[in-house]
Amino acid sequence: MQIKRIQAIAISLPMIKPVKMSFEEVRNAENVLARIETSDGIIGWGEAASAPTMTGETPGSMVAAIRYLADKLEGLPADDIGAAMHRAGQYLYGNNSAKAAIEMALWDALGQAKGKPVYELLGGAKRLRVPALRLIGTGSTEGDIAETQKRLADGYVAIKIKVGVASPEADAERARAICATVKDDKVLICTDANQAWTPDEAIRFVRGIADTRIEFFEQPVAGHDVAGMARVAAASRVKIGVDEGLHSMDDLQQHHDMKAAQGCSLKTIKLGGMRPVYNAALLCEKLGMQVNLACKIAEAGIASAGLMHLAAAIPAVDWGVSLSSPYLADDIVAEPIALAGGWLNVPTGPGLGIRVDEAKVRRYTREA
Ligand SMILES: [Mg+2]
């Protein structure tokens with residue numbers, strides 16, 4: 001079975017409502033799909049969000065990168081994903097999100113060819129049900145408290161509060177107010193500043209949340225400022241997680257060695273695919289780091305399924321699974337991953353276990 005054809009498709013999907021990050025607001029999901037046809041007529045699908053502030057890639061650059069790689073990979077064996085991605089790396093430096101879409105499509109095709117779910121190909125399922133980590137960020141303390149209570153009533157057991165939107169003191173006060181309304185101490189609560197603060201500001205925030213039961217605080221400062229992360233971590237009773245600062249295994253090792261983070265958020269778009277995320281999770285286990293597994297807001301049903309297969313296969317998911325498809329008003333797969341009371345079930349069909357609705361793909365296709 002060979003790789004016969006690789007296509008790149010840019011899509012724009014509507015969100016249920018805009019999601020506010022530290023300085024940007026995501027109104028539409030601007031994602032890129034890789035559609036791979038094999039010589040046996042199997043169609044494999046991969047997806048990656050464009051996240052220029054995190055990866056430097058735009059929908060246009062991702063489409064261009066996939067098209068650039070297509071004729072370098074077409075004709076290669078479709079069942080040696082490692083070799084195909086090695087070839088991709090030889091021809092094109094970086095562009096991990098574009099590569100992630102291609103790699104995911106190859107796993108989907110290979111799983112379909114073998115009649116096995118991708119998690120089996122990655123090493124087998126350790127679990128088939130994981131807690132979803134739900135974002136809380138309505139723009140007001142009252143709104144966040146109401147949203148938190150609604151989600152807990154729905155059955156969620158993990159929430160993430162978006163911070164870095166106001167002063168460190170005001171955000172700490174909001175986080176404390178939300179924590180105070182969560183009575184069940186089994187609920188995982190974390191915060192994410194998406195690089196919004198300087199180390200000094202972040203230290204003011206961690207002092208403000210020191211006596212809460214917040215489990216971890218993600219990316220307080222700029223991704224490249226590992227020394228700043230280490231300063232914040234040294235001042236914090238709450239564990240620090242790295243997200244925007246993690247683009248390779250070396251980054252993971254460095255954050256560990258510099259005591260800059262005790263855990264991390266793993267995303268296929270940052271690391272270049274499913275196998276790299278799987279390998280990073282193995283390294284986390286070795287280093288004693290905690291793992292959050294995440295889609296970028298707002299990857300749709302293909303990348304969400306990819307994430308679920310990783311959630312099944314990696315050693316541990318202590319910090320929850322951040323699925324982004326529930327924030328979308330529509331999806332491009334026939335049956336998006338269902339949220340059963342705040343918990344997620346891993347699809348068990350061959351490949352990614354999804355059925356892509358090509359009419360919907362066409363409807364949401366955009367120029368890139
Ligand atoms: Mg994050």
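The following legends describe close-up views of a predicted model.

Figure 1. Asp-192 and Glu-218 link distant parts of the chain, as they stand 26 residues apart. Asp-192 belongs to strand β7 (residues 188-192), whereas Glu-218 belongs to strand β8 (residues 216-218). Asp-192 has a relative accessibility of 1% and therefore counts as buried. Glu-218 is likewise buried, because its relative accessible area is 1%.

**Figure 2. Helix α2 and the elements that cover it.** The buried residues of α2 are Pro-59, Met-62, Val-63, Ala-65, Ile-66, Leu-69, Ala-70, Lys-72 and Leu-73. An α-helix has 3.6 residues a turn, so residues three or four places apart point the same way. The cover over the buried residues of α2 includes the strands β1 (3-20), β2 (25-38) and β3 (43-49). Helices α3 (81-91) and α4 (96-114) also contribute to this cover. After α2 comes Gly-75, which has a positive phi near 100°.

**Figure 3. The largest pocket.** The volume of the largest pocket is about 300 Å³. Its lining consists of 16 residues, of which Lys-17, Pro-18, Val-19, Gly-137 and Glu-147 are the closest to the centre. Strand β1, β5 (134-136) and α6 (141-154) each give two or more residues to this lining. The most is given by β1, which provides five residues. By residue class, the lining of the largest pocket contains seven nonpolar, three polar and six charged residues.

**Figure 4. The largest cavity.** Three cavities of 30 Å³ or more are found in a search of the whole structure. The largest cavity has a volume of about 180 Å³. It is lined by 19 residues, and those closest to its centre are Lys-160, Lys-162, Cys-295, Ile-297 and Ser-322. The lining of the largest cavity divides into nine nonpolar, three polar and seven charged residues.

**Figure 5. The cis peptide bond between Ile-297 and Ala-298.** Ile-297, one of the residues closest to the centre of the largest cavity, is joined to Ala-298 by a cis peptide bond. The omega angle of this bond is about -5°. Ala-298 is located in the loop between β11 (290-294) and α13 (301-313).

Figure 6. Asn-95 is not a glycine, yet its phi is positive, at about 55°. This residue occupies the loop between α3 and α4, the two helices that are included in the cover of α2. Asn-95 is partly exposed, because its relative accessible area is 24%. Lys-259, which is not a glycine either, has a positive phi of about 55°. Its place is in the loop between α10 (249-257) and β10 (263-266). Lys-259 counts as exposed, because its relative accessibility is 64%.

Terms used: Residues are numbered from 1 along each chain as its sequence is written. This is a predicted model: local features need pLDDT of at least 70, side-chain atom pairs count only at pLDDT 80 or more; totals for chains, interfaces and linings use all residues. Side-chain values use heavy atoms; hydrogens and water are left out. Buried means under 20% relative accessible area, exposed over 50%, partly exposed in between (1.4 Å probe, protein chains only). Helices (H or I, at least four residues) and strands (E, at least two) are DSSP runs, numbered from the N terminus. Contact means heavy atoms within 4.5 Å. On a 1 Å grid over the protein atoms alone, a cavity is a set of points where a 1.4 Å probe fits but cannot get out, and a pocket is an open set with protein on both sides within 12 Å along at least five of seven lines; lining residues have an atom within 4 Å of a point. Grid points are joined across faces, edges and corners, and a volume is the space filled by probe spheres set on the points. Ala, Val, Leu, Ile, Met, Phe, Trp, Tyr, Cys and Pro count as nonpolar, Asp, Glu, Lys and Arg as charged, and the others, Gly among them, as polar.
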